[in-house]
Amino acid sequence: MNKIFASLAVMMFLGGCQSLSQPGSRPPAKEEAAPRPAPASPPPQPVASFSEETLYSLLVAELAGQRNRFDIALDNYAEQARVTRDPGVAERAFRIAEYLGADQAALESVLIWADNAPANLDAQRAAAIQLARSGRYDDSMRYMEKVLQAQGDTHFDFLALAAAESDPETRAGLLQSFDRLLAKSPENGQLLFGKALLLQQDNRPEEALKLLEKHPASEQEIAPLLLRVRLLQSLERGDEALALLKKGMRQHPDDKRLRLTYARLLVEQERLDDAKDEFAALVEQFPEDDDLRLSMALVCLEAKAWDEAAVYLQELIERGSYVDAAHYQLGRVYEEREDPESALIEYGLVGPGNHYLPAQLRQTEILFEHGRIAEASTRLARSRDSQPDYALQLYLIEAEALTNRERLDEAWKVIERALRQFPDDLNLLYTRAMLAEKRGDLAQLERDLRFIIGREPDNAMALNALGYTLADRTTRYAEAKALIEKAHQLNPDDPSILDSLGWVHFRLGELGEAERLLRQAAERVSDHEIAAHLGEVLWARGKQREARKVWAKALEEQPDSAILRSTLLRLTGSETF
């Protein structure tokens, strides 16, 4: 950034402290020792004369920039751009504002620059971009049209991408602007590409695809070709997308994006062996690209090619790239090879970051599965000391592992210890509430859940948990229904909330509504508890044969479900069919 101000100082002093020459002007070259033929004289550079006040303000801006006070520099440049309307000053104001992320100042200064330098295509393009960022798409198109008329071709895709998060009315207006320009330049590939992007964002993939297919650039240029591929994928025409990519790869054999998209599409189609071949070719073609190396390792893992995966993961570690991810995935490899000790070593080498907690979880699970519970607790305590930022999550990992193995008293002690360190943390309180329910301590459950709801009245999970417990374990049905209905208003499609709502209607004797809601829940997710509830409602309505079918299917998926077994025993007298 200081280079901006250093170059300004040079120009100021070359102008005799009375004028500021335009950007791009430079001091005359030193006289050569040996004579040379004189070059053609360049056209004279325009020089803007400034008042003493303006020059003083710009000098202050220069000094402020030298001292990293870019706020002062921006204020002075922006003010003098407004006063002088000088394109050179306005451009510098824009560059500083853009660097600082000062959007409004950038927009104001770039419009002064563009309007006072109409032949400067960089100014027109910069104005278009800033206008698009501020949502003024029609104004943006007017500036881009100037570039189009002067240059014959320019990139309009940034306008379509800028409109991605806008409302449908704005996109419709921008589409009309594209159509007006296309009427003047119907074969302009960049205009067609920008319109196709807008149509894709407007959820009109068929129209976007037809538009691109009419234009030969959609197969010859990379960006339109890749957009066609995405459109074909969205229309579930994956085979056509692959064929188009293969054709593009023949035309552009060295383009990484095409080969990478092709390989990823093979993964999506579960053609893992073919995908491995493509990724292997990419790694060979671009041996310094560790993103490709990691992708290759992950594809090998998906294909259960453990040995190949391990080779690529070790390479990443040796190269010092994606080290934590590589150690974590190596842990998975060793687990698949039934080598828990090596897996523990790899998980233990994962440092803070995205893979840290998953590694801690897998390490804990391995130790618990092998009965080394004390060692797991010791390791987790050590991790909490060494990585205090993760302490809360590590407490939750330990409590969950203990709860899943019905070691409820130990899990309770872990949560109590965590709450002493993190008092009133809502995640910990919710976990304690669920533990309290398993221990039959409904008073504690209600205290914790009501505390959470007091802090977060729209916490649908806490509302649903309290409502369901009251419906299932007490006779406070009206209170339960009110809580669950509020959760349902917040998350109307959540299957667990639909299950609770169906269950409270069943408790109230409203069997038809209970069946309707529980069927909705079962359609959204296959869950043993929902199946137990739906089967019980069907049984109560005299639909015993259908109830048995619901239970039988659920037992196939989860044969050790306690709620299914207890429901069967209570209603049929047997835990099996």
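Figure 1. The structure shown is a predicted model. It belongs to a protein with 33 helices and two strands.

Figure 2. Ala547, Val550, Trp551, Ala554 and Leu555 are the buried residues of H32. Because these buried residues fall within an arc of 130° when seen down the helix axis, they line one face of H32. An α-helix has 3.6 residues a turn, so residues three or four places apart point the same way. Arg545, Lys549, Lys553 and Glu556 are exposed on the other side of H32.

**Figure 3. Length of helix H32.** Helix H32 covers residues 544-557, 14 residues in total.

**Figure 4. The largest pocket.** The space in the largest pocket amounts to about 1,400 Å³. Its lining comprises 46 residues, and those closest to the pocket centre are Met434, Glu437, Lys438, Tyr468 and Glu529. Two or more lining residues come from each of helix H23 (391-404), helix H25 (426-438), helix H27 (460-473), helix H29 (495-507), H31 and H33. With eight residues, H27 gives the largest share of this lining. By class, the lining of the largest pocket holds 19 nonpolar, 14 polar and 13 charged residues.

**Figure 5. The second largest pocket.** About 290 Å³ of space lies in the second largest pocket. Among its 15 lining residues, Ala522, Ala531, Leu534, Val550 and Lys553 lie nearest the centre. Helix H30 (511-524), H31 and H32 each give two or more residues to this lining. The largest share, five residues, comes from H32. The lining of the second largest pocket divides into seven nonpolar, two polar and six charged residues.

Figure 6. The protein has 577 residues, of which 46% count as buried. Among contacts with a separation of 6 or more, 48% join residues 24 or more positions apart.

Note on methods: Residues are numbered from 1 along each chain as its sequence is written. This is a predicted model: local features need pLDDT of at least 70, side-chain atom pairs count only at pLDDT 80 or more; totals for chains, interfaces and linings use all residues. Side-chain values use heavy atoms; hydrogens and water are left out. Helices (H or I, at least four residues) and strands (E, at least two) are DSSP runs, numbered from the N terminus. The expected span of a helix is 1.5 Å times one less than its number of residues. Buried means under 20% relative accessible area, exposed over 50%, partly exposed in between (1.4 Å probe, protein chains only). The arc is that of the directions from the helix axis to the C-beta atoms. On a 1 Å grid over the protein atoms alone, a cavity is a set of points where a 1.4 Å probe fits but cannot get out, and a pocket is an open set with protein on both sides within 12 Å along at least five of seven lines; lining residues have an atom within 4 Å of a point. Grid points are joined across faces, edges and corners, and a volume is the space filled by probe spheres set on the points. Ala, Val, Leu, Ile, Met, Phe, Trp, Tyr, Cys and Pro count as nonpolar, Asp, Glu, Lys and Arg as charged, and the others, Gly among them, as polar. Contact means heavy atoms within 4.5 Å.
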